[in-house]
Amino acid sequence: MVLGLERFLHIDIEHAVNHAVAKTGWLREFFVFYYESFHFVVPLTILGVLYWRRPADYRWARASLGFATLLALVGFWLFPLAPPRLMPTLGIIDTVHGVQDFAKPDYGTLTALTNQYAAMPSLHFGWSLWCGVVIAVVAPRRWMKALGLLHPFLTVSTIIATGNHWVLDAVGGAAVVGAGFGLSYVFQGPRAGLPPGALAAPDSALSPSDDRKGTRVTG
């Protein structure tokens, strides 16, 4: 169904991208490393920094991520979907796990705990998009915002290149993240951000000339 829709839309690029990456050693290793390393680390780091430095933004970010993840779990239950790497007739190369015996697959230490039919929506992409949005909103520097938005771009490239998701899985991931931010707004109101007056200059920041002119605010 998903592959048929992608073919209709002419976005069925999984096989071509996967084989192009698999033939390029350094690129294959980069995407494997990215897939295995950043899925949990980046979101947890963002939540930790916000909890420590910006509690109001932490509550907003945590709620939106929680809603998005809950919606994704509902999606896994309603629409179980195998990723491309579990469909051997397509010729997709599993660059992360290698050649598998589908009767006894081995996906590492979490083999018995993970749901291999939870491709739609893609939480790999969804969580990375959440990271990008949060960083773009709260980061104080433009280069930080740009770096944050680079993460979902690299993630969607990774999940396609490694054969772990369909293109439409990423669309589904974006949908649940958008809904997560929407539900956060509905239940918590708009993002609190900085408290009123937080950016106002303290009295001591005024210049001596202002003080002599009697322009310093006292009270």
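In this predicted model, His39 is buried, with a relative accessible area of 15%, where buried means under 20% relative accessible area, exposed over 50% and partly exposed in between, calculated with a 1.4 Å probe on protein chains only. His39 lies in the loop between helix 3 (25-37) and helix 4 (41-53), helices being DSSP runs (H or I) of at least four residues and strands (E) runs of at least two, numbered from the N terminus. Apart from neighbours within four places in sequence, His39 is in contact with Leu123, His124 and Trp127, contact meaning heavy atoms within 4.5 Å. The C-alpha atoms of His39 and Ser128 are 7.3 Å apart in space, although 89 residues separate the two in sequence.

The protein chain has 9 helices and 0 strands, and 39% of its 219 residues are buried. Of the contacts between residues at least 6 apart in sequence, 79% join residues at least 24 apart.

Residues are numbered from 1 along each chain as its sequence is written, and side-chain values use heavy atoms, with hydrogens and water left out. Local features need pLDDT of at least 70 and side-chain atom pairs count only at pLDDT 80 or more, whereas totals for chains, interfaces and linings use all residues.
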